[in-house]
Amino acid sequence: MLRFPDKGSTPPPLACKVTPGMSGNSGKHDNSTSTTAKNLGTKFDAGRETFVAKVQVRDTPRKAIFTVVGGEEAGQVISIPNQNVVTLGRSPECNIRFDDVNLSRLHAHLMHVGEEYIFSDARSKNGSYVNDIRVEDAVVLRDGDRVQLGSSVRLRFTLVDDAEEKALRDLYYARRRGGLLAAFERADQRGDLLEDLLQAREFQQRILTHPPYIPGVVTEVIYRPLDLVGGDFYQVFPLPDGTLRVFVADATGHGVKASLTTVLISSEYELVKREAGGPAQVLTALNQRMATHFTHLSVHFTAICADFDFKLGLLRFSSAAHPAPCLVRGNTSRELETGGPFIGLMADVEFPEWTHQILRGDHIALYTDGAVEAFNAANEPFGEERLLEALRCAVAAQKPLGVFLTMVLEQFLNGLPLADDLTFVDIGWSG
């Protein structure tokens, strides 16, 4: 078998400066989430043994929108006014107006009560439908429901955050500018490509599982796709002997093609993730399957597999051209080793493996390169040094590392978007 050299990196320690207010809320909202191991919805308490929560990095709630399904305006985003009762119909006095003779002047109502959106028909001539069922009584809309007014106005009810709404609008305007309507219609004669993307996003989020609960272990995940769907994949999986196995992969590119690659990565990883030999054997087995069975698809990706043995206090990990993991210990942080080839390039290769002693209080961060390849207005990359400093400062401020890193990244970008998908997994051992 071919062997690839590894690369170790131990940068000098940097002074940690906690900027006043850095851990606060900038007021913007994106589609990043921080996921930890149990009791979803609880808040972080530095005095507790285990941090368990799923929180939005921003406090702004998700909003409701309609998107047009089918026709020349397929993909158009329709904002739903923030008021108790919204009227829909043909009349200019309606809050949401459609220039369609098949609609009644006042066709339907949408009531906003708490976190619920309640849809009802307003005794229209041609009726209203939710998921192809005629509305006779009020119906509570759920994310993804299909709404039809009369015979020709078809909508999709969707809950989004600001970043997701912007992505949908950008997709619609790009289609309009580029004259891609014909391509949309060829992809689906009803013009449902946008609907397919939303369903793909939902499917992808389902294969990205919540991390397991382990007493004395902090497990935090930040997953932030660049588009509606992304090219990163992660899984946190406990082995029968109590070892915690963490896997992170980054498919080349981003968007729809990369997201399809993550589905393939997920299915193939399921077949090899219980390899007893260790992380290097997992990557070797995964690469052998990819390079043998899927060469015609040109599927290439970086990956890292790490085993945490908290009984012995040992970390074993192997890398396939993936960014080096970061060790945060006390007021210091440093990169560990990295090496190996991309997975899928060629069969019959071995991957390097390293072992480190870990201590109570240590944090090990695994991430994809979207965290360091973010560029500000001066075209400066965020880079590994800023990443290490942000992680040190997060520990000093007793904040979740992923949430803190995301806020530092947003300050660095100052409104600019990321250049790639971002996944960040922190394993902290509180003992």
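Reader: What makes Arg-245 and Asp-307 a salt bridge, and are these residues buried or exposed?

Author: In this predicted model, Arg-245 is buried, as is Asp-307. Their side chains meet with N and O 2.7 Å apart, and the cut-off is 4 Å between a side-chain nitrogen of Lys or Arg and a carboxyl oxygen of Asp or Glu, so the pair counts as a salt bridge. Arg-245 belongs to strand β17 (residues 244–251) and Asp-307 to strand β18 (residues 301–309), so the pair ties together parts that are 62 residues apart in sequence.

Reader: Why is Asp-362 called buried, and why is Arg-329 called partly exposed?

Author: Asp-362 has a relative accessibility of 3%, and buried means under 20%; Asp-362 therefore counts as buried. Arg-329 has a relative accessible area of 31%, which falls between the limits of 20% and 50%, so Arg-329 is partly exposed. The two residues form a salt bridge, their closest N and O atoms being 2.7 Å apart. Asp-362 lies in the loop between β23 (353–357) and β24, whereas Arg-329 is in strand β20, so parts 33 residues apart in sequence are tied together.

Reader: Why does Glu-136 count as exposed, and where does Glu-136 lie?

Author: The relative accessibility of Glu-136 is 65%; since exposed means over 50%, Glu-136 counts as exposed. Glu-136 is located in the loop between β11 (133–134) and β12 (139–140).

Reader: How do you know that the length of helix α5 (residues 279–293) agrees with its 15 residues?

Author: The expected span is 1.5 Å times one less than the number of residues. For the 15 residues of α5 this gives 21 Å, and the end C-alpha atoms are 21 Å apart, so the two values agree. Among the buried residues of α5 are Leu-283, Leu-286 and Met-290.

Reader: Which residues of the largest nonpolar core touch the most other members?

Author: That core has 48 residues, and the ones touching the most other members are Val-246, Phe-247, Met-290, Phe-301, Phe-308 and Ile-343. Leaving aside neighbours within four places in sequence, the contacts of Phe-247 include Leu-283, Leu-286 and Ile-304. Apart from this core lies another, of 27 residues, including Val-403 and Phe-412.

Key
Residues numbered from 1 in each chain as written. Predicted model: local features only at pLDDT ≥ 70, side-chain atom pairs only at ≥ 80, totals over all residues. Heavy atoms only, no water. Core = buried A, V, L, I, M, F, W, Y, C linked by side-chain atoms within 4.5 Å. Buried < 20%, exposed > 50% of the residue type's maximum accessible area, 1.4 Å probe, protein only. Contact = heavy atoms within 4.5 Å. Helix = DSSP H or I, 4+ residues; strand = E, 2+ residues; numbered from the N terminus.
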